[in-house]
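Subject: Structure handover

Dear colleague,

I am passing on the structure below, and after it you will find an account of what came out of going through it. Please read the two together.

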Amino acid sequence: MEKIKITKSETSKSKPTTDQLEFGRVFTDHMFIMDYSTEKGWHDPRIIPYQPLTLDPASIIFHYGQTVFEGLKAYLTPDEKVKLFRPEKNMKRLNRSNDRLCIPAIDETLALEAITTLVGLDKDWVPSAEGTSLYIRPFVIATEPYLGVAPSQNYQFIIILSPVGAYYKEGINPVKIAVENKFVRAVSGGTGEAKTAGNYASSLKAQELVADKGYAQVLWLDGVEKKYVEEVGSMNVFFKIDGEVITPALNGSILEGVTRSSVIDLLKHWNYPVSERRISMEEVFEAAKNGKLEEAFGSGTAAVISPIGELSWHGKNIEVNGGRTGKVAKQLYTTLTGIQTGKQADPFNWTINI
Ligand code: COI
């Protein structure tokens, strides 16, 4: 494995105060970068001062969107140690996304070492206040200057870091979600389960149309019948109906969230009946009508556990749990953030110390 070369920044930028922390606006002092060429493979892994990139305007990334990304977080423990949460799962997913986008695989051990070295160098940037963390954004871009539609011969793998607060302006309070009936996010066989920019670019229109009505995000239905629940803009989704916790089964168009799988493991550990299966909006609506929709919440790295207080579907408003955070969502939020920040025991060995 090639050694990571480190060039330290001569100055350090000023860090945001807790009340200035938004999601993804401020970046730390350093970044990681590694190049790929067909002759040399992935090579020259290095950490350098955070800086703009210089790219040829014909680079494939700008024209055909050949790119993937990941999202994970570093957390500060009460004794000032820094922890990562299941980073090996992100690295595996990065390579599954790479494969879907015809991007050459990255050595997962090297990628993880790049993250731990970079976070170690910028560890003073990991914020300590409740609900804050250092968001880690690894991504790959296709850099070959070429206008033909073909996989690039050159890439860069880059990692940047951003100290963050809550993803939603609502914080950990329930959000309002609009079920999307016109646009679709992904279809089976498409790129829905890959973490690639196009999925997010194509979500913007629907999101924009509901944002000024007070909805935090849209809930996507399946791309064929527009009947079955898939996921919310930046999170997977769970419903608690008559005691059973249900999340849509992975079907090729849903992103396999690390938080999603941790939630399923925790619920099983607590002996909740939990199912990964198809669930239609009709079923959710009927349950709400009969007083059986007990909770709804989203899960994601950025969003953590985000309770859903209201769903709008075909002009009908479905209030969930009186618009309040439910018991399961609260228990999951407390346990997950407790494990991530080292405030609670980690019975599954999900965290690693940097
Ligand atoms: C994450 O939760 O890390 C995500 O990737 C969501 C992001 C699009 C904000």
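Two strands are said to pair if DSSP finds at least two bridges between them, and helices (H or I, at least four residues) and strands (E, at least two) are DSSP runs, numbered from the N terminus. This is a predicted model, in which local features need pLDDT of at least 70 and side-chain atom pairs count only at pLDDT 80 or more, while totals for chains, interfaces and linings use all residues. Residues are numbered from 1 along each chain as its sequence is written.

Strand β16 (residues 304-313) pairs with strand β17 (residues 316-319) in the antiparallel sense, over four bridges, and I318 in β17 is the bridge partner of L311. Two residues lie between the strands of this hairpin, where H314 takes a positive phi near 50°. H314 is exposed, because 8 other C-beta atoms lie within 10 Å (buried means 20 or more other C-beta atoms within 10 Å of the residue's own, exposed 12 or fewer, and partly exposed in between, with C-beta atoms placed from the backbone). K226, in the loop between β10 (217-221) and β11 (229-232), also has a phi near 50°, a positive value in a residue other than glycine, and with 15 other C-beta atoms within 10 Å K226 is partly exposed. Most residues other than glycine have a negative phi.

The ligand is surrounded by G71, Y200, S234, G300, T301 and A302, where a residue counts as near if its C-beta atom, placed from the backbone, lies within 6 Å. By class, this shell has two nonpolar, four polar and no charged residues.

An unreviewed UniProt entry lists K195 for "modified residue: N6-(pyridoxal phosphate)lysine"; such annotations may be inferred rather than shown by experiment, and the position is given in the numbering used here, with feature names shortened. K195 sits in the loop between β9 (175-179) and α4 (197-201), and K195 counts as buried because it has 25 C-beta neighbours inside 10 Å.

The protein chain is divided into domain 1 (5-164) and domain 2 (175-341), with bounds that come from an automatic or database domain assignment, and the C-alpha centres of the two domains lie 27 Å apart. In domain 1, 21 residues are in contact with 13 residues of domain 2, contact meaning C-beta atoms, placed from the backbone, within 7 Å. On the side of domain 1 that touches domain 2, α2 gives the most, with five residues.

Best regards

Terms used. Ala, Val, Leu, Ile, Met, Phe, Trp, Tyr, Cys and Pro count as nonpolar, Asp, Glu, Lys and Arg as charged, and the others, Gly among them, as polar. Two residues are in contact if their C-beta atoms, placed from the backbone, lie within 7 Å.
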